[in-house]
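Biologist: Please walk me through this structure, feature by feature. Keep it brisk.

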Amino acid sequence: MTKEEEDTTWLIELESALLDGASSYEINNITKGNRIPDSLRADIWLVCLNCQDSANQLLMFDEIFDLHNQNDLRDDVKKFVQKLDNDDDEKLSVISDIESIITFYCKSKSLNYASSNGWVEILYPLLSLKLPRSDTYNLFEKILKLYIPSACVANGVPFHILRLIIQYHDPELCSFLDTKRITPEQYCMPWLRSLFSGTCNLEVVLFMWDLYFQRSDPFFIFFLCLIMIINAREQLLQMKEDGKATIIECLRKMPGDLDANDVSDFCSLAHYYSLKTPVSFREDVLEVLFSDCGLEINSKLYSQALCLPLAVHELIESATIDSMDSDTVKFFLVDCRPAEQYNAGHLSTAFHLDCNLMLQEPNAFNTAVQGLLSAQRQALAAGSLAAGEHLCFVGSGRTEEDSYAHMVVASFLKRNIKHVSMLDGGFVAIHDYFGPHMTDCLEDHNQAKCLVCAPNNNNVQSELRETKRRENIPAIQLFGKLSSAMRAKSQEVKGKLIEYIVNPNSQSNTSDWHVSTSDRKDSRYRNVPPVFTINDDDDESYSDVRPDPAELADEIVQTQSFLKGPNVINSFQCQEVLYNGYMYDSFLVVTETHLVILREIPNKKGFAKVLSRRLLSTIVKITAKKRHPELITFKYGVPDGDSLLIKDMDRFLIPDASLATKVVSNQIVTQLDNKSE
């Protein structure tokens with residue numbers, strides 16, 4: 001058979017398959033990524049979208065164009081059609097068809113039209129098929145239902161999912177965009193809402209949709225977006241000095257540069273990355289994102305996810321699949337629970353990386369990380385059952401205990417290590433997965449010491465009770481005012497880091513603390529460290545005792561209302577880190593005079609407990625770890641001779657730590673200015 005005959009054989013086979021009622025899967029096996037001829041495209045799309053036998057729904061259209069924003073729709077259609085190369089008669093026909101279809105769709109679905117929803121752009125490729133208007137409408141309806149992800153709005157779930165996918169495959173590029181405060185919704189909302197038809201030329205869209213609809217995988221749009229971004233990574237990483245708006249504009253325009261000859265390779269790369277991505281994280285959202293079932297997703301699960309979540313069944317099943325299958329995602333399992341938990345039961349294929357080492361023994365932790373990466377390489381070379389290019393971290397599955405585990409995962413992401421995921425549910429999920437067979441499946445399983453088998457035999461509950469008891473101990477709250485000497489010199493510290501802040505008139509210290517007028521301005525507080533320091537050995541005794549007077553006990557507030565209060569300067573979502581390592585979802589709220597700590601109430605969504613209200617004037621030092629700059633400690637106290645007497649401290653893990661400390665310091669300076677006037 002000659003090459004010319006081979007090139008036409010698949011077309012003959014395709015025509016025959018269409019006559020025999022082939023499925024989209026069978027069509028895909030025949031086309032194998034080839035561009036579909038214009039003469040067959042309409043029939044193939046009708047099959048792939050299951051519209052070939054659909055009724056004429058437009059018979060129910062009353063032809064009354066009275067949407068409340070009908071003029072906006074008409075203007076948008078005219079503006080869009082004016083950009084096309086069609087002659088005037090064709091343009092009038094296109095305008096009529098688009099307005100009729102969208103008007104009926106809005107009425108039949110009780111929806112409102114919006115200029116940014118991408119509907120006009122989606123209809124144009126469909127109209128190019130030259131189908132009867134009823135078939136065009138049916139295709140349009142199916143595309144919106146099956147292929148356009150719901151919640152494509154500001155802060156919507158699809159954009160959080162896309163960011164997690166970008167981070168999984170290119171953490172360096174994701175970190176760059178995060179640093180610039182650029183989120184996917186700012187550049188790819190039109191991509192998702194119109195399936196690229198609003199940003200690519202018609203020839204590109206037709207070829208891309210040929211391949212897309214044959215796959216019958218609506219989630220594939222996320223990988224098309226991923227390739228669009230990764231393809232420009234070198235250009236983007238060179239824009240470090242450019243402003244946010246410039247980078248966003250560059251990203252928005254990228255699909256317009258795609259040529260029809262590149263579409264096949266473009267989609268092949270997207271297919272490759274889809275194979276190299278865990279599938280379980282999308283299972284729970286697929287039906288909700290791409291249907292009108294009415295279910296809602298908890299966006300917080302994805303907006304606050306540290307990395308891609310992995311379901312336990314995918315982790316276990318991947319270990320049983322032949323490692324020679326190159327299309328299978330294989331995981332190198334990293335159990336980062338404390339040693340005593342690991343020793344009470346673990347998967348035999350797990351590498352142990354004690355999360356406690358990270359803060360307690362940083363050098364030992366770095367050595368262990370190098371050992372982990374070396375073990376991973378050796379396992380891959382040996383074709384071991386434990387081998388895998390993808391890292392999956394396992395914590396305990398208990399939120400309070402997994403704070404260090406989360407910091408371990410964050411450290412790997414900061415190293416720009418690709419393919420990092422975390423097991424959803426942690427070791428508890430593994431334990432539950434095996435059920436009665438856990439003894440046979442887990443290594444060194446000890447029921448007496450296992451925290452899942454014997455939750456009451458460990459000190460977790462007692463520590464939690466002790467923590468609560470400590471929080472309720474009344475402590476002296478330091479109220480007062482700046483000394484006259486401090487007020488006179490407050491202008492000297494404006495615009496720079498505060499050297500010292502003093503609160504002399506507390507209940508435990510009623511005498512004023514004076515600064516000698518003979519002291520030199522640059523060394524007023526001899527041997528007193530600066531308020532803001534980068535301290536790598538911040539190991540002072542940490543107290544969980546809070547200035548929690550009786551009137552603050554169990555003070556519950558509605559979170560969003562509190563954050564929008566008139567005196568609130570700024571607020572930062574964070575995690576409070578207790579001395580025992582437990583972490584609690586919290587908010588650090590900066591008001592005009594106080595630092596307020598809110599702790600979210602897990603079983604009462606939207607509400608939080610006010611743990612403390614710290615006067616800004618009591619803050620004497622703010623420190624950050626060199627290795628972990630997002631771990632911030634606020635210290636409160638009074639002067640003690642030439643040094644400081646630290647009365648209490650709070651520690652937080654703040655994603656936006658630099659901004660948070662800047663806001664606090666600026667507000668302290670403002671307080672100084674106000675008191676000096």
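Modeller: Start with helix H10. Its buried residues are covered by elements that include helices H6 (119–127), H8 (157–169), H9 (171–179), H11 (202–215), H12 (220–230) and H14 (244–253). Remember throughout that this is a predicted model.

Biologist: Why is H10 described as largely enclosed by the rest of the structure?

Modeller: Count its buried residues. H10 spans residues 185–194, and seven of these ten are buried, so the rest of the structure largely encloses the helix. The buried set is Tyr187, Cys188, Met189, Trp191, Leu192, Arg193 and Ser194.

Biologist: Which residue takes a positive phi just after H10?

Modeller: Leu195 does, at about 50 degrees. Phe196 also has a positive phi, about 75 degrees, although it is not a glycine. Phe196 sits in the loop between H10 and H11. With a relative accessible area of 0%, Phe196 is buried.

Biologist: Is Arg181 buried or partly exposed?

Modeller: Partly exposed: the relative accessible area of Arg181 is 48%. Phe196, by contrast, is buried at 0%.

Biologist: How do I read a pair of packed helices?

Modeller: Two packed helices are described by the angle between their axes and the distance between the axes. Take H8 and H9. Their axes come within 5 Å and cross at roughly 130 degrees. On the H8 side, the contact is made by Arg163, Ile166, Gln167, Tyr168 and His169. Pro171, Cys174 and Asp178 contribute from H9.

Biologist: On to strands. What is the order of the open sheet of five strands?

Modeller: First, the general idea. In a regular strand the side chains alternate between the two faces of the sheet. Here the order is E1-E6-E5-E2-E4, with parallel pairing. The edges are E1 (308–310) and E4 (351–352), each of which pairs on one side only. Within the sheet, E5 (residues 390–394) and E6 (residues 420–423) pair in the parallel sense over three bridges. Leu391 stands opposite Val420 in E6.

Biologist: Which helix lies across E2, E4 and E5?

Modeller: Helix H21, residues 362–382. It runs at about 150 degrees to E2 (331–335).

Biologist: How many bridges join E14 to E15?

Modeller: Five, and these two strands run antiparallel. E15 covers residues 631–640. Thr623 stands opposite Thr633 in E15. E14 (residues 619–624) is mostly covered, with six of its six residues buried.

Biologist: I also want to check the cysteines. How many disulfides does a search of the whole structure find?

Modeller: A disulfide is a covalent bond between the sulfur atoms of two cysteines. The search finds zero. Consider Cys450. Its closest cysteine sulfur is in Cys453, 3.9 Å away, which is too far for a bond. The cut-off is 2.5 Å. Cys450 is buried, at a relative accessible area of 2%. Cys48 also counts as buried, at 10% relative accessibility.

Biologist: Last topic: confidence. What is the mean pLDDT of the chain?

Modeller: The mean is 80, and 80% of the residues reach 70 or more. Confidence is highest in H12, at 95. It is lowest in helix H26 (residues 484–488), with a mean of 34.

Biologist: Over which residues does pLDDT stay under 50?

Modeller: Residues 459–552. The model has 185 contacts beyond four places in sequence for that stretch. Where pLDDT is low, the predicted coordinates should not be read in detail.

Definitions and conventions
Residues numbered from 1 in each chain as written. Heavy atoms only, no water. Buried < 20%, exposed > 50% of the residue type's maximum accessible area, 1.4 Å probe, protein only. Helix = DSSP H or I, 4+ residues; strand = E, 2+ residues; numbered from the N terminus. Pairing = 2+ DSSP bridges. Contact = heavy atoms within 4.5 Å. pLDDT = per-residue confidence, 0-100. Axes fitted to C-alpha atoms, helices over the stretch in contact; angles between N-to-C directions.
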